[in-house]
Every structure is written in structure tokens, then in C-alpha cells.
Amino acid sequence: MGIFGKPLERSWGVGIRAVGGYLPEKSVSNTDLEEILLTRDDWIRANIGVETRRMAADDERTSDLGAAALKDACARAGIDPAEVDLVICGTYTPDNMAPPAAMLVIDKAGAHGATGFDINSGACPGGVFALDVGAKYLASGEYRRVAVVLADVNTRTMDWKDPGPAVIFGDGAACYLLERCRPERGLGPTLLHSDPTRYQSVWVAREKRALRDGTPLTSGFGDNFAQLSGRDVHDFAVGEVPVLIKELLARADRRADAIDLFALHQANLYIVRGIMAALGVPEDRTVTNIEKYGNTSGASVPLVLREAQDLGRLAPGDEVVLAAFGSGLSVGVALLRWCGAEDFETVATS
């Protein structure tokens, strides 16, 4: 940290035209988990804040979730998916190791003609890291409409005998649809930070596991299993995320109490509350959905934005802080001024 370049001058801003979302139909309650894990509903509610989470159907893959979110974003913007120029899929659970899941998202969403590739920005931090990549492509002027899709089938990385990660995560997808906007609106400064000394605090380890009788144990991704240290994540999130948010606001000459909405990664309900307390702002300046969906990794921040919009909590001109953090451990924070429909320029489609 401490070495940053100066953004290039340009005559347009990068705005979020629409936020799409998709949650699988299957809902799994804490009580359902009591049947397969050594855990209790009251303990999960009191320590994590999750009540239910969504789980992808057996025939649903990451690309299916991502395509549904992209189509939803396009529907909300009133455009056809075929009018998208570039699809960036942030995922750590691609359908296959190659080609990228983005290509299947393009095909299933009908975004034919778009170019697509994946980025693995470490799952949960992707809500800002992947957005930053998409914003830079739009800012370059090479693409006029960019869809940044965050999609993961987190529950397929579970060892269902390990309650640590199994009680937290759910499956889901979201999509930022980015377009040019008035230069004084849209995405402002973004800060990204990674601390590789805590690489194993939250990670998907590649290792062989077996049941007590020696029977090989596999997840939905073979010998890959999610692991986490709840204490490490809590200390990092509550201790360091507010510091980076304050640095971001200082660079933009803004104060936390003047921000209209904080869209924070849904790692744990009490971590969200801890960050808000550390910033010294009331909890009604944020929106949470971890109670209903669990931790949906990279999709959680855009899903918070989507929910805030549906609740009427976002208006053109509002200032919003995004913060996504997790595996690595990494954290990305961004400041944006929310756009209205009139803030976007007309995009040529032919």
C-alpha cells in the first residue's frame, strides 16, 4: 500500500446501469443442516446470523447462475443480452477448468457477439476486484457495455462433516451492467489490498480426505474443500476493512457519516455490524441479506446493491461505499455516486 498511480483523464464516467441477481430455488435452513452437521440453529443465528441459504440444484452449474443474473440485469436495463460487448465472469467454481465459464454464460444468456473471460479474484473479494477490472475495460473506451458477472456454487466446495464453512455459505450470482455515464457520476476511487501472509485463513485447499472407515471423501470439485478460520476473518474484517474504507474516503475528501449507503460483503452479520461500528455510522446506512442467502462470495456485494435498490434505498446522486473481502486475505473498497437513467449516454447497437 502507499504506491498508487493517477487515473487517466477521460471525458466519461463508468456507471452501474443495472444490477442483476439470481438465487437458486432450493432453500436450506439451519434446521436442515442439523440433520447432517454437528450444529444448532440457535448457535448459527447467534454467531453468524444466517437463517437460510440457497443451494444450486444438481443440474445447475456456475454458468447457469451467471447467465440468469446477466439476463436479469439486461431486463432491468431494458436491453437485449446480445447488446453486451464484454462479459467478465468472476468465479472460483467454473464449470470446467477451461474454457472460461464466461463463454457458457454468454451462450446461455444469448449474449452472442460478446467477448468473455474469467477472473479468479479469490471468491468473496470479487465483488469489488472483478468490478474494478470491468470498469477499467469500459474506461479504456474499447467496450461500450460490459457485464461483470459474479457467480459461484460455493456449497459444492463443502466437506459436509466440517461445520465451519458449511454453515456460512450459499450459492448465488449477480451481475453489474456497466455503461458510460456523466463524468461526475458512477465509480470513483477504488483501493485493492492483499495480505498473502494470511493465505490460509480462508481458502479452498486441494487435499485428499477420507471418512473414518477410509472411504475417499470428495466435494463437488473432487479433492478441493473450503476451509476457514473464523477468528482470522473477524480480526481482519473488523480491524482492517474500516481502515481501508477511511483511507478511500480521505482520498476522496469524504466523511463516513456523509455516505448514503455501505454495501458490505456478507461474511457474517456480526462482522457487518462490527465494520459499521468501527466507522462510527449507524447500521441503518447498510443493508444485509446474509440472513436469507448466507455468504454468496463474490455475488454478495452486488446482491446488497440490488436489494437496496429494490427497497428504495438508492437514489440518483447517492454516494455508496462498496467493500468486498475474504480469501487471501484480500479486500477491495470502492466509492461510487449512483446513477439515474438520464446519466447514461446512448449506446450504439449497430
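The structure is a predicted model, in which local features need pLDDT of at least 70, side-chain atom pairs count only at pLDDT 80 or more, and totals for chains, interfaces and linings use all residues. Residues are numbered from 1 along each chain as its sequence is written, and side-chain values use heavy atoms, with hydrogens and water left out. Helices (DSSP runs of H or I, at least four residues) and strands (runs of E, at least two) are numbered from the N terminus.

Helix α3 spans residues 62-77 and helix α4 residues 101-109; their axes come within 8 Å and cross at roughly 55 degrees. This angle makes α3 oblique to α4; angles under 35 degrees count as roughly parallel, over 145 as roughly antiparallel, 65 to 115 as roughly perpendicular and the rest as oblique. Axes are lines fitted to C-alpha atoms, for helices over the stretch in contact, and angles run from 0 to 180 degrees between N-to-C directions. The crossing of α3 and α4 is right-handed, a term used if the near helix is turned clockwise from the far one by less than a right angle. Contact (heavy atoms within 4.5 Å) joins S63, D64, G66, A67, L70 and K71 of α3 to A101, L104, V105, K108 and A109 of α4. By class, six of these residues are nonpolar, two polar and three charged. Ala, Val, Leu, Ile, Met, Phe, Trp, Tyr, Cys and Pro count as nonpolar, Asp, Glu, Lys and Arg as charged, and the others, Gly among them, as polar.

Within α4, residues A101, A102, V105, I106 and A109 are buried, that is, under 20% relative accessible area with a 1.4 Å probe and protein chains only. These residues lie on the same side of α4, because they cover an arc of only 145 degrees around the axis, taken from the directions from the helix axis to the C-beta atoms. Their cover includes α3 and the strands β4 (86-90), β5 (115-119) and β6 (145-152). After α4 comes G110, with a positive phi near 75 degrees.

Apart from neighbours within four places in sequence, D72 contacts V19, G20, G21 and R306.

The second pair consists of helix α7 (residues 230-251) and helix α8 (residues 269-279), which pack at about 40 degrees with axes 9 Å apart. Helix α7 is therefore oblique to α8, and their crossing is right-handed. The residues of this contact comprise 10 nonpolar, two polar and one charged.

Key:
Buried means under 20% relative accessible area, exposed over 50%, partly exposed in between (1.4 Å probe, protein chains only).
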